[in-house]
Every structure is written in C-alpha cells, then in structure tokens.
Amino acid sequence: MKKNLKVSIVMGSQSDFKTMKVAEKILKKMGIKYETKIISAHRTPKRMFEFASSAFKNNIGVIIAGAGGSAHLPGMISALTTVPVLGVPIESKKLKGLDSLLSIAQMPKGIPVGTLAIGQDGAVNAALLACSIIANSNPSVNKKLNNWRISQTKSIKKKPK
Ligand code: RP5
C-alpha cells in the first residue's frame, strides 16, 4: 500500500484561487502534504496531460480540481488517471456557477468525477473529503479529522441568540 500520499489542488485560472485557497487551509490543519497549481484544460493542455498522466506515480492520492464555465478540467484529468478526482464548480460571473456545476456533475459514465457544491463550500468539502480518503491509510489524519468534527459539533450552540 502507498504511504504518505499527497493531495494536489489544481485550478483553471489564477481567478479561481480566491475560492480554492480554503482547501489549502484545511489540508494544512490535517497535516496532509499538498501542492497547488494552475492547470487549464484548454489554455495549458500539455501541462494538464503531463500532470494527470504522472499523478499516480508521483504519489498523489487525491486531486481536487476547481474550474468555472464549461469546466472540463476535472473530467479531462480524470480521463488521464485513476487517482480520484474531486471537482469544485467555481461560481462563474454569467451563470453563477450553474454552468460549472452541470459540466462537472454530468460526466458520462466510465470516467467519474466526485462533484462538490459551487464555490467555497465546495472547496472546503472537497478538502474534507480528500482528508477522509487519505485517512483510510493514515491513522494520524483519521484522528485529526475526527477531532475536527468533534470541535465542529461543540461549536454549535443549543440556542440561537
Ligand atoms: C476557467 O475559466 C477557469 O477555471 C475560471 O473559472 C474561468 C475564468 O477564467 P479567467 O478568465 O478568470 O482566467 O477556465
């Protein structure tokens, strides 16, 4: 079994980083190694090919891919690797991310992409889901993830103010 797997956070544009950077924060907190890159399926197709086709041998355990608009990045990456890909639909200006959501969620059968919510909620949950996947083979991450949930539960007040 592979050990010390890392998570790759990739996104189609610099403009996606304001949404995706929350994923970095969570991975840092959970003590998971990660890298962050701009990779565009249509503007840097060779970069995408090289990244995705070498992801498994580079010990990447999960890929989080944020993309907006026609949002083909997560699906294209998934087509090139068996490493699990979690797609984060970026909130687009014209259609508020509905375009991104449908593009990422509606992958035809055979090449899966796990789709999260639009925007920062999706980026947070993608990172937490990546932690859950890594936790299967990493007891220290599993412990941190459980502690994180316990403190989230404790932070919820019984009565509204
Ligand atoms: C997509 O186009 C990116 O993922 C981004 O969400 C969107 C807009 O990109 P920019 O025009 O801001 O570079 O490829």
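Which residue has a polar backbone atom 3.0 Å from an oxygen atom of the ligand? That residue is G68. Do keep in mind, as we look around this site, that the model is predicted.

## Contacts with the ligand

In S15, a polar side-chain atom lies 2.6 Å from an oxygen atom of the ligand. For R43, the distance between a side-chain N or O atom and a ligand oxygen is 3.1 Å. The protein buries 66% of the 360 Å² that the ligand exposes when taken alone.

## The surrounding shell

Around the ligand we find G12, S13, S15 and D16, together with H42, R43, A67 and G68. By class, this shell is made up of five polar residues, two charged ones and one nonpolar one.

## The pocket

Where does the ligand sit? Its place is the largest pocket, whose volume is about 490 Å³. This pocket is lined by 24 residues, and those closest to its centre are S15, D16, G68, G69 and I90. Among these, S15, D16 and G68 also belong to the set that surrounds the ligand.

The lining can be sorted by class as well: 11 of its residues are polar, seven are charged and six are nonpolar.

Conventions: Residues are numbered from 1 along each chain as its sequence is written. This is a predicted model: local features need pLDDT of at least 70, side-chain atom pairs count only at pLDDT 80 or more; totals for chains, interfaces and linings use all residues. Side-chain values use heavy atoms; hydrogens and water are left out. A residue is near a molecule or strand if one of its heavy atoms lies within 4 Å of it. A polar contact is a pair of N or O atoms within 3.5 Å; within protein, one must be able to donate a hydrogen and the other to accept it, and residues adjacent in sequence count only if both atoms are side-chain atoms. Accessible areas come from the Shrake-Rupley method with a 1.4 Å probe; for residues, only the protein chains shown count as cover. On a 1 Å grid over the protein atoms alone, a cavity is a set of points where a 1.4 Å probe fits but cannot get out, and a pocket is an open set with protein on both sides within 12 Å along at least five of seven lines; lining residues have an atom within 4 Å of a point. A molecule sits in a cavity or pocket if more than half of its atoms lie within 2 Å of its grid points. Ala, Val, Leu, Ile, Met, Phe, Trp, Tyr, Cys and Pro count as nonpolar, Asp, Glu, Lys and Arg as charged, and the others, Gly among them, as polar. Grid points are joined across faces, edges and corners, and a volume is the space filled by probe spheres set on the points.
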